[in-house]
Amino acid sequence: MVETKAQLKVLGVNIETIRLLLQVIIFISIAGAAISSRLFSVIRYESIIHEFDPWFNFRATKYLVTHSYYEFLNWFDDRTWYPLGRVTGGTLYPGLMVTSGVIWHTLREWFSLPVDIRNICVLLAPAFSGLTAISTYFLTKEMKDSNAGLLAAIFMGIAPGYISRSVAGSYDNEAIAITLLMATFYFWIKAMKIGSVFYGTLTALFYFYMVSAWGGYVFITNLIPLHIFVLILMGRYNHRLYTAYTTWYALGTLASMQIPFVGFLPIRSNDHMAALGVFGLLQLVAVGHYVKSKVPSKQFKGFLMVSLSLITILGVAGLFALTALGWIAPWTGRFYSLWDTNYAKIHIPIIASVSEHQPTAWPAFFFDTNMLIWLFPAGIYLCFQELRDEHVFVIIYGVLCSYFAGVMVRLMLTLTPIICVAAAIALSKLFDVYLNVVDVFKADSSDDIKVDSKKSKTKASTSTSKPSKFILLLSKGVVLLSFTFYLVYFVYHCTWVTSNAYSSPSVVLASRNPDGSQSIIDDYREAYYWLRMNTPEDAKVMAWWDYGYQIGGMADRTTLVDNNTWNNTHIATVGKAMCSSEDVAYDILKKHDVDYVLVIFGGLLGYSGDDINKFLWMVRISEGIWPDEIHERDYFTERGEYKVDGEASKAMKDSLMYKMSYYRYTDLFNGRDGMDRVRNQAIPATQSPELDVVEEAFTSQNWIVRIYKVKDLDNIGRDLHSAAKFDKSSNQQTKRKRIIKKPSLDLRE
Amino acid sequence: MAKKDSIKKPATHTTGSKIGHPINELISAVSTTYKDYINSLTPRLKLIDIFLTFLVLLGILQFIYVLLVGNFPFNAFLGGFISCVGQFVLTVSLRLQYNYENNSNNSSDKVEQEIEEKSIEDVNETKVDVDTIEVNDEKPFKFVTPERAFGDFIFASLILHFIVFHFIN
């Protein structure tokens with residue numbers, strides 16, 4: 001950087017050339033920073049897929065590259081949702097898999113670089129983060145100028161709010177979705193500005209790509225119409241809006257319906273009705289605009305009033321009528337819970353049970369976007385001051401997304417881009433004023449010199465200038481220095497946050513030994529690998545849905561439920577099996593052909609995300625389906641406490657989950673009471689649970705993953721309880737009593 | 001046209017209206033518009049308009065058929081109907097871009113434009129910003145030449161038809 005600035009002074013070549021060169025260098029550095037700051041986890045641990053969802057994406061991608069594209073589209077996956085199976089082609093967004101499949105093929109066949117598909121999947125998000133920075137640059141360039149664009153690009157490159165979802169190894173839909181979001185918005189702004197059908201088409205194509213990649217495309221589907229609608233209300237309609245919007249809508253809607261998962265939703269669901277409504281409105285407004293240009297304005301006013309009121313009433317009434325008749329689907333639960341924030345908690349516990357669907361706390365905003373969060377309102381304010389058509393877009397996006405991000409943690413992700421853009425606008429406005437020393441040195445033509453060289457220059461020349469100039473320069477210098485400090489601090493903050501908070505793979509748990517060295521707890525893979533190696537290939541594993549994808553991905557065994565929570569009843573079945581007594585559970589297990597049951601237990605290690613802590617959600621979800629058999633109240637003590645120790649309620653102690661979690665746990669403590677480090681409660685050694693219907697098959701090193709094998713039916717037809725009791729009594733040989741009595745039995749049928 | 005409109009602008013704020021009054025105005029507005037439309041028609045625009053009418057008729061025909069027969073292969077209906085709608089809006093966009101009123105590449109028009117701009121600036125010098133916005137509104141497609149508009153139209157139509165064929169199955 002410094003060398004090129006020296007060249008600028010020394011060589012005095014064409015300023016545009018230097019600007020271009022600088023831009024290229026800046027872009028390369030931004031992409032470098034964006035990529036390298038996402039590699040913490042790969043360098044520290046290894047190159048693996050991290051969270052839960054990406055394991056399915058990875059598995060689907062593997063299927064795509066090992067089979068043909070057509071087989072991928074028609075893939076019926078019989079290894080998940082065991083009795084039901086999953087029509088994968090119709091229930092996933094194929095954009096991510098196809099993208100990495102294309103990259104894999106390109107590298108392999110065109111560049112002769114046969115890279116493992118896993119590495120492509122791991123490193124896809126960092127690669128696309130560079131592209132996100134570039135498209136943010138273009139978007140911001142449309143809003144202000146390229147200076148703001150570069151600032152926004154660097155913000156976007158390293159802002160932790162985006163890094164949190166795009167570190168290396170998080171092979172999730174959001175990895176490419178944010179890039180496509182920015183690209184779509186860029187083309188939209190471009191199309192809206194010049195009214196070009198070409199850019200409208202490009203918007204539609206990127207929108208299609210976005211639809212194929214992420215379910216959050218609904219955000220675009222509602223944001224662009226809202227933008228148009230607000231512009232119409234502001235009286236800013238012109239024909240550019242018509243060409244841009246109608247092109248986008250006609251092509252984009254038709255294109256989005258090509259994705260099997262979306263299907264006819266764009267015309268059937270209420271989430272998409274805003275776009276249709278604005279499309280209709282725009283036709284009428286265009287006609288109105290035409291009439292307005294032909295007739296005197298007095299007449300036009302009457303025309304406008306009559307037609308507008310008629311149309312509004314008819315449109316709204318039509319929408320309500322269609323929704324009431326059931327032709328248009330009402331809001332889906334996930335979207336509805338954005339408006340009525342209590343809805344999910346009351347009606348759909350499975351949505352509320354996901355930690356990402358909780359409201360955001362204040363520190364999270366500051367944590368995720370350090371100083372940008374207080375530049376963000378300033379940027380919005382500055383947009384208001386200028387208020388061109390595209391600034392309306394920034395304002396709407398900012399306001400709407402601030403609300404959504406406040407309601408739901410995971411929507412922080414869509415807020416981050418606009419925070420970066422608005423902050424960059426504010427900051428570059430500030431730099432425009434304070435970097436401009438032309439009015440101080442009238443003769444000096446300082447075109448586009450950056451902060452550092454300016455400092456040296458001004459210091460050198462202060463001796464010749466007057467005191468007033470000196471003070472002016474000093475004030476500018478102070479402001480610039482302080483903001484440079486903030487910027488530098490921002491980089492430190494982002495790197496620190498990324499390194500400490502967002503770069504830990506959830507598959508491998510890292511902890512520190514007392515001497516500071518790192519110890520890695522790898523129980524998950526130990527257990528999954530055991531499953532993979534030591535169980536028959538068609539064994540069915542039952543676990544809570546959180547681990548469905550990982551079992552499918554790592555253990556390669558059939559699961560009953562997984563993270564794609566499309567069938568609530570099936571999940572409730574698993575929940576019921578986990579939270580009811582052994583007899584009831586055994587019935588369910590046998591009916592579903594379950595061979596192994598897997599529970600996560602963190603009591604020994606203090607790993608708090610275990611199944612006992614999730615247990616209440618299992619109870620709630622199954623209570624929603626079987627309110628007669630499962631009662632949440634039963635799992636609390638008399639005083640309403642959730643306890644696992646000696647005072648635990650009877651239903652709790654009888655539940656399969658409890659028994660499986662604490663089976664033989666007190667053996668570890670040599671007959672003393674076992675200490676659960678998560679709950680901080682003692683498991684009494686005398687009441688150690690006994691299992692009759694399942695037997696322990698595997699327990700990992702730190703007891704995190706425990707796998708149980710479901711016993712077969714008894715050979716001579718007893719129920720497993722009495723069989724176990726008989727075995728025990730015969731082993732111990734305690735009761736040597738004979739009771740000769742007629743058993744009370746019914747008639748044999 | 002633009003000139004007339006912009007001169008009229010300042011006088012807009014004095015219009016009270018009653019309930020019965022607007023309907024008469026509506027009718028007269030429609031009739032003036034229709035007359036004006038007939039007058040301003042060039043052969044090219046006429047061609048486009050005939051095509052537009054044809055598209056509308058086609059769309060209505062399909063819709064009636066669906067109402068009569070039922071929408072069993074729903075994707076086929078949607079494909080056909082949306083291709084009509086899509087082609088319609090694309091053609092309207094093309095028409096808007098062709099319409100010389102909207103396009104400042106016409107040199108004589110440009111001169112007029114500048115004169116007009118000056119006159120407006122003379123009238124109210126204080127509101128320069130507002131005027132530039134309004135002038136901007138009069139010529140929405142500064143950057144789109146008719147040739148480019150046609151190229152864009154072909155590009156978008158090709159993509160539309162590709163998707164429609166894909167969707168019809």
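Predicted model: local features only at pLDDT ≥ 70, side-chain atom pairs only at ≥ 80, totals over all residues.

Tyr596(A), Leu598(A) and Ile600(A) point one way from β7(A). Val597(A) and Val599(A) point the other way. I checked burial for both sets, and all of these residues are buried.

Strand β5(A), residues 540–542, pairs with β7(A) in the parallel sense. I found 2 bridges there. Val541(A) stands opposite Tyr596(A) of β7(A).

Strand β11(A), residues 705–710, runs antiparallel to β7(A). I found 5 bridges joining these two strands. Ile600(A) has Val705(A) of β11(A) as its bridge partner.

Then I turned to the helices. I picked α10(A), residues 173–194, and α22(A), residues 389–407. Their axes come within 9 Å and cross at roughly 145°. I noted the hand of the crossing of α10(A) and α22(A): right-handed.

Which residues meet where α10(A) and α22(A) touch? From α10(A) I listed Leu181(A), Met182(A), Phe185(A), Trp188(A), Ile189(A), Met192(A) and Lys193(A). From α22(A) I listed Asp389(A), Glu390(A), Phe393(A) and Tyr397(A). I sorted the contact of α10(A) with α22(A) by class: 8 residues are nonpolar, 3 are charged and none is polar.

Technical notes:
Residues numbered from 1 in each chain as written. Chains lettered and ligands numbered in written order. Heavy atoms only, no water. Axes fitted to C-alpha atoms, helices over the stretch in contact; angles between N-to-C directions. Helix = DSSP H or I, 4+ residues; strand = E, 2+ residues; numbered from the N terminus. Left-handed = near helix turned anticlockwise from the far one by under 90°. Contact = heavy atoms within 4.5 Å. Nonpolar A, V, L, I, M, F, W, Y, C, P; charged D, E, K, R; others polar. Buried < 20%, exposed > 50% of the residue type's maximum accessible area, 1.4 Å probe, protein only. Pairing = 2+ DSSP bridges.
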